[in-house]
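Dear colleague,

Please find the structure below, handed over for your own work. My notes on its contents follow directly after it.

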Amino acid sequence: MNRSVKIKQVVDALEHYAPLPLQEDWDNAGLQLGLTETEASGALLCLDVNERIVDEAISKGCNLIVSHHPLLFRGLKTISDADYVQRTVMKAIRAGIAVVSMHTNMDNARGGVNFKMAEKMGLADVEFFAPKGGGADAGSGVIGSLPQALAADDFVIGVKKQFDVECAMCNELLRRPIRRVAVCGGAGDFLLGEAIKAGTDAFVTGEMHYHVYFGHEQEIQICVIGHYQSEQYTNEIFKSIIGEACPDLPLFLAETNTNPIIYL
């Protein structure tokens with residue numbers, strides 16, 4: 001017999017795993033819109049929220065969307081058809097769909113985005129290398145070890161395959177074996193210095209500014225694979241958390257690719 005699940009129960013499970021205080025002060029994780037006392041019919045798990053994601057939720061009979069990136073970063077002064085955020089808000093409300101986002105709190109949590117990336121790369125002994133402090137078991141990036149040392153070109157080819165990316169942006173290929181790897185999903189160039197201090201051979205992230213690549217030749221192998229690509233498996237974390245807490249709730253990994261960047 002299926003037991004009813006309220007949207008609040010799903011939100012509570014996610015926030016227990018990745019508490020909102022772990023988010024960065026500029027972020028807006030948590031409930032974005034909707035009524036949490038409503039019974040959940042199903043949850044669509046995704047990276048970004050746009051109109052096509054709402055359409056997919058409707059088609060799958062879901063009245064809850066769980067995303068990594070928040071739909072709302074700043075307050076809205078109007079809700080019209082002026083941009084995709086406002087149109088998405090209107091469409092979700094009309095359809096009775098709630099939206100909750102687990103962003104930098106899930107980046108910083110143990111078992112979060114960076115741990116999932118490390119898992120996909122087959123890294124062992126994974127730990128934080130940039131802890132958040134304050135006694136919290138949290139951090140901005142993780143370090144782990146490859147099962148065996150790899151040449152730089154083989155390492156990059158492996159990362160491309162693991163994340164199914166068209167290309168990787170790298171600095172000069174390292175002329176020593178790569179064994180210890182630092183990982184940060186999304187925009188991670190703020191952690192490059194910490195990765196170097198930690199003595200890692202490579203740093204894998206989603207995006208970095210141009211000038212940050214300079215001056216690290218033969219110091220560390222930089223491998224940048226795209227923001228969307230680096231965080232694409234976050235919905236698997238959501239599925240695990242919600243599936244354990246609410247086993248009767250239908251869960252769907254989004255089929256809609258929301259990456260706004262195309263590669264020609």
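**Asparagine 259 and the segment after strand 11**

Leaving out residues up to four places away in sequence, asparagine 259 touches Tyr228 and Gln229, where contact means heavy atoms within 4.5 Å. Asparagine 259 belongs to the segment after strand 11. Helices (H or I, at least four residues) and strands (E, at least two) are DSSP runs, numbered from the N terminus. With a relative accessible area of 15%, asparagine 259 is buried; buried means under 20% relative accessible area, exposed over 50%, and partly exposed in between (1.4 Å probe, protein chains only). Its side chain reaches the backbone nitrogen of isoleucine 261 at 3.1 Å. A polar contact is a pair of N or O atoms within 3.5 Å; within protein, one must be able to donate a hydrogen and the other to accept it, and residues adjacent in sequence count only if both atoms are side-chain atoms.

**Basis of the values**

The model is predicted, with local features requiring pLDDT of at least 70 and side-chain atom pairs counting only at pLDDT 80 or more, while totals for chains, interfaces and linings use all residues. Residues are numbered from 1 along each chain as its sequence is written, and side-chain values use heavy atoms, with hydrogens and water left out.

An open sheet is formed by five strands in the order 1-4-3-2-11, with mixed pairing. Two strands pair if DSSP finds at least two bridges between them. Strand 1 (30-33) and strand 11 are the edge strands, each pairing on one side only. From one strand to the next, the twist averages 25°; axes are lines fitted to C-alpha atoms, for helices over the stretch in contact, and angles run from 0 to 180 degrees between N-to-C directions. Three bridges link strand 1 and strand 4 (residues 98-101) in the antiparallel sense. Leucine 33 has valine 99 of strand 4 as its bridge partner.

**Helix 2**

In helix 2 (residues 51-59), the buried residues are Ile53, Val54, Glu56 and Ala57. Because they cover an arc of only 160° around the axis, they lie on the same side of helix 2; the arc is that of the directions from the helix axis to the C-beta atoms. The buried residues of helix 2 pack against strand 2 (43-46), strand 3 (64-67), helix 3 (84-94) and strand 11 (251-253). At the start of helix 2, a side-chain oxygen of asparagine 50 comes to within 3.1 Å of the backbone nitrogen of arginine 52. Just after helix 2, glycine 61 adopts a positive phi of about 75°.

**Nonpolar cores**

The largest nonpolar core has 27 residues, of which Leu14 and Ile242 touch the most other members. A nonpolar core is a set of buried Ala, Val, Leu, Ile, Met, Phe, Trp, Tyr and Cys residues joined through side-chain atoms within 4.5 Å. At least two residues of this core come from each of helix 1 (7-17), strand 2, strand 3, strand 4 and helix 9 (234-245). Helix 1 gives the most, with five residues. Not counting residues up to four places away in sequence, leucine 14 touches Val66, Val100, Met102, Phe238, Ile241 and Ile242. A second, separate core of 24 residues includes Phe115, Phe155, Val159 and Ile178.

Strand 7 (residues 169-170) pairs with strand 10 in the antiparallel sense over two bridges, and methionine 169 has valine 224 as its bridge partner. Strand 9 (residues 202-207) runs parallel to strand 10 and is joined to strand 10 by four bridges. Phenylalanine 203 has isoleucine 222 as its bridge partner in strand 10.

Histidine 216 is placed in the loop between strand 9 and strand 10 and counts as buried at 16% relative accessibility. A polar atom of the histidine 216 side chain lies 3.5 Å from the backbone oxygen of valine 212. Beyond its neighbours within four places in sequence, histidine 216 is in contact with Asn171, Leu192, Ile196 and Ile222.

**Positive phi at non-glycine residues**

Most residues other than glycine have a negative phi. Glutamine 218, although not a glycine, has a positive phi of about 65°; glutamine 218 counts as partly exposed at 24% relative accessibility. Aspartate 125, also not a glycine, has a positive phi of about 55°. Aspartate 125 is found in strand 5 (residues 124-128) and counts as exposed at 65% relative accessibility.

With kind regards
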